[in-house]
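Let's take a friendly walk through the salt bridges of this protein. Here are the sequence and the model to look at.

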Amino acid sequence: MQNLFVATLLLGMSLPMLQANAQETATPNDTVAAPVTANDLYREMRIQAGQYAAQNRHQVLVGDFTCDDINDQIVGWVDRDNPEGPFFDVLMVTNHKGQAHSELKQIPFAQSEQYALCIDDKTAPPVMSWQVNDPEYMRDVMGDGDLCNVAVRIDDFMCDAPQFFWSDKPSDDGQHWLFFRN
């Protein structure tokens, strides 16, 4: 019985040292990413869009939007504080492959940009949803079979819906969330 106690005590004392050594030698690819939490999302919302952004009526999507089996979070809200007019702001937050990353997209209403929404309905914001696409769609329609096949879709029910797809390879401006309009 005394030997069992000593063995347990020694194992308990050595476990933190073993864990520390494992953490020091782990490579980023070995790191298991934690899902994005509500605290992560609201912290990024405050950093990216200002301290009052979370006070806007907003909608949140939770799911794997980067195809790495870890939940990400996406939040959208109508931003009426922008001097250039109202925008639908979409903040995408991920811990993709153990790396924290966020991007804010500002989608204008009733402007000439390709990704603009048609109407700013003051009674209801655009609806965010997620859409899972077939690999053939990604290859044949999107032109890139390597993109994550899960789209974040923004719909005002008046125009074609802008969609955003995660790409492991960033665009020239460093963005991972790529725009597509169907």
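## A buried pair

R153 forms a salt bridge with D155, and their closest N and O atoms are 3.7 Å apart. A salt bridge here means a side-chain nitrogen of Lys or Arg within 4 Å of a carboxyl oxygen of Asp or Glu. R153 is buried, with a relative accessible area of 18%, and D155 is buried as well, at 13%. (Buried means under 20% relative accessible area, exposed over 50%, and partly exposed in between, using a 1.4 Å probe and protein chains only.)

Elsewhere, salt bridges with shared partners link R80, D120 and K122 into one network.

## About the model

This is a predicted model, in which local features need pLDDT of at least 70 and side-chain atom pairs count only at pLDDT 80 or more, while totals for chains, interfaces and linings use all residues. Residues are numbered from 1 along each chain as its sequence is written, and side-chain values use heavy atoms, leaving out hydrogens and water.

K97 is partly exposed at 48% relative accessibility, and D168 is partly exposed at 45%.

## Another pair and the total

The side chains of R139 and D140 meet in a salt bridge at 3.1 Å, N to O. D140 is exposed, at 55% relative accessibility, whereas R139 is partly exposed, at 46%. Searching the whole structure gives seven salt bridges.
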